[in-house]
Amino acid sequence: MALAPFLATFLAASLFATDVAEAAGEVGVNYGRVANDLPDPASVVNLLKQNGVTMVKIYDANPKVLQSFANTGIKMMVMLPNENLADAARDKGYALGWVRKNVQAYLPATQIHAVAVGNEVFDSRPDLNQNLVPAMANVQAALAQLGLADAVKVTTPLAFSAVTDSYPPSKGRFRDDVAQAVMKPMLEFLQRTGSYLTVNIYPFLAYADNPDKISLDYALGNTNNNPGGAAAAGLLDASEVENNGVPDDDTGLVYYSLLDAQLDATYYAMDKLGFPSLKAYLGETGHPSGGRRRRAGSSPRHGRRHLMAGDDDDDPPVATVANAHAYINNVINRVLSGNTGTPHRPDADMDVYIFALFNENEKGSGADDIEQNFGLFYPNMQKVYEFDFQHITGGGGGGGGGGGGGSAKASWCVANAGVGDSRLQAALDWACGHGADCGAIQPGAACFQPDTKLAHASYAFNDYYQRKGRASGTCDFNGAAHVVYQAPADTCSAKASWCVANTAVGDARLQAALDWACGNGADCSTIQPGATCFQPDTKAAHASYAFNSYYQRKGRASGTCDFAGAASVVYQEPSGACDSTSSWCVANAGVGDARLQAALDYACGHGADCGAIQPSAACFEPNTKAAHASHAFNSYYQRNGRGSGACDFAGAASVVHQAPKIGNCVLPSRA
């Protein structure tokens with residue numbers, strides 16, 4: 001397929017096009033460096049990639065850091081620090097020079113997608129309040145002059161203290177000293193430029209100041225009403241959650257998370273200034289895993305001027321590993337689950353930057369200061385507690401303990417009809433030329449019909465997206481595509497695929513590859529003499545079975561069906577071969593009934609069809625936790641396309657490749 005003449009422009013733009021519209025939200029981290037014992041930036045990049053982090057915010061534009069992130073695919077928000085704010089506001093030439101040096105110079109290799117102008121200016125540098133919007137405007141004008149304004153957005157992080165009267169949320173408004181003078185022109189600027197407000201919210205602060213008025217579960221976001229919450233995610237027994245919600249009597253809305261209440265207070269404050277649809281993202285949120293209150297006379301950083309409960313003998317501790325574990329996992333889980341709306345704005349997106357990547361030993365006033373204990377990692381790059389940026393995990397809900405992987409969030413990439421056939425064709429050609437298998441949309445092939453640009457583009461885009469592991473940024477195509485979280489009904493499915501042997505390479509190479517597959521994870525038991533799939537007894541049949549078993553067990557990841565050219569991927573179920581593609585998800589009885597019940601509840605609440613295990617239904621018997629959980633887990637697994645990670649439930653389940661029979665019920669091998 002030939003590239004369209006204007007595809008070079010399309011590709012250049014797509015290298016650093018933002019993908020905010022792709023999903024309901026994305027989770028990133030704040031990479032602070034106020035420490036003398038942190039690993040070098042290159043090691044940090046490897047750490048982030050190993051942990052699936054796709055988005056990072058830094059507090060400057062350090063050249064070594066920006067160079068280290070080149071060609072990584074990780075999106076970055078850089079910062080024009082407060083000390084440069086007055087110059088950027090006063091002098092357009094200064095702003096232009098700063099953008100050239102700190103943004104343009106690193107694009108497109110380093111994917112800078114936003115510039116934060118200042119940081120918590122109202123709290124940390126109120127003398128610069130009047131400079132803030134002019135500086136933002138000059139930085140944006142510089143980006144526009146350099147042709148970068150569409151790809152790089154300008155924002156500024158606000159401390160939540162900019163919002164007053166935040167309880168109940170509907171009373172929320174911006175402080176009188178900044179509302180009209182700064183916030184209104186700022187929101188006008190953000191709306192005009194297609195940007196978003198960034199706000200830093202720490203629910204633990206409100207709880208620490210009012211532990212007698214706010215429940216810990218409410219502050220941590222532990223609730224069965226939150227599909228991404230710790231109780232729902234599989235490790236926390238529902239009986240441990242004491243969160244009945246907090247009503248806003250003026251609106252009738254009920255809040256089960258203090259984070260939601262504080263976000264909605266921000267949204268209501270924006271509403272009052274006339275901006276009911278402007279987005280607000282979380283520039284910082286986090287919870288300390290240790291430390292004590294700041295003593296009188298010490299100088300706080302980052303605007304966190306609060307005392308911590310737990311300093312007196314009668315106070316419960318707040319800054320604990322268990323609480324940090326619960327809060328952070330609840331935030332990550334809700335974004336991964338797509339549950340990013342709030343009671344006031346149920347359809348809101350939520351990009352989140354977790355604070356912070358590391359414990360930083362030069363923050364605050366000493367080793368026991370909470371400021372030094374916000375990290376996801378210790379400086380030696382070991383996790384402070386378990387978390388997962390790619391899969392829903394058990395949150396811990398105020399208890400200790402690790403999570404382990406949970407369910408992967410199934411998603412698909414589909415074409416945007418609104419961009420028109422010309423842009424769809426250009427993007428389609430690019431996808432087919434850069435790794436998508438477009439054989440099935442050729443004339444006469446299985447997915448040629450419907451013969452429309454939209455259908456063919458959706459097929460190609462989704463194939464590319466799945467082959468890239470559904471990585472952030474791999475479903476954009478310069479705005480020609482977006483991610484959806486329900487299987488599209490109107491396009492040929494590119495989700496199912498099989499790995500089959502290439503007979504042309506000969507029996508010797510097939511045998512070598514077959515031996516390798518069987519020795520590296522493929523289940524080859526059914527192709528042994530006398531077993532189910534021993535016939536037909538040919539190298540091609542046995543190799544296809546082994547290759548496909550390996551491919552499916554590796555989640556159909558890119559590169560797992562090659563075997564030095566002895567295999568290839570097909571998108572129609574092979575005929576004449578023993579079916580090695582079926583798999584089932586069954587409960588691990590060894591984890592105990594409590595964990596099985598928690599995971600069972602999660603599966604039934606997140607798409608599994610649990611009707612057959614209700615009293616008197618066909619598969620209610622045997623009435624055991626293991627039997628019922630197996631039905632629910634398998635239904636969830638099949639409905640999520642048997643995706644990698646969709647059968648784990650924090651260790652409560654595992655995949656098997658022979659059809660399980662439970663009582664008189666056989667678990668289905670299809671959704």
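**Cores and helix H17**

Q: Which residues have the most contacts inside the largest nonpolar core?
A: This is a predicted model, where local features need pLDDT of at least 70, side-chain atom pairs count only at pLDDT 80 or more, and totals for chains, interfaces and linings use all residues. Residues are numbered from 1 along each chain as its sequence is written, and side-chain values use heavy atoms, with hydrogens and water left out. A nonpolar core here is a set of buried (under 20% relative accessible area, 1.4 Å probe, protein chains only) Ala, Val, Leu, Ile, Met, Phe, Trp, Tyr and Cys residues joined through side-chain atoms within 4.5 Å. The largest one has 118 residues, and the most contacts inside it belong to Val103, Phe174, Met186 and Phe633.

Q: Which helix gives the largest share of this core?
A: Helices are DSSP runs of H or I, at least four residues, numbered from the N terminus. With eight residues, the largest share comes from H13 (residues 321–336).

Q: How many residues of H17 are buried?
A: Strand S18 (498–501) and helix H16 (507–519) are among what covers its buried residues. Tyr545 and Phe547 are among those buried. H17 is mostly covered, and the count out of its 15 residues is 12.

Methods. Buried means under 20% relative accessible area, exposed over 50%, partly exposed in between (1.4 Å probe, protein chains only). Helices (H or I, at least four residues) and strands (E, at least two) are DSSP runs, numbered from the N terminus. Contact means heavy atoms within 4.5 Å.
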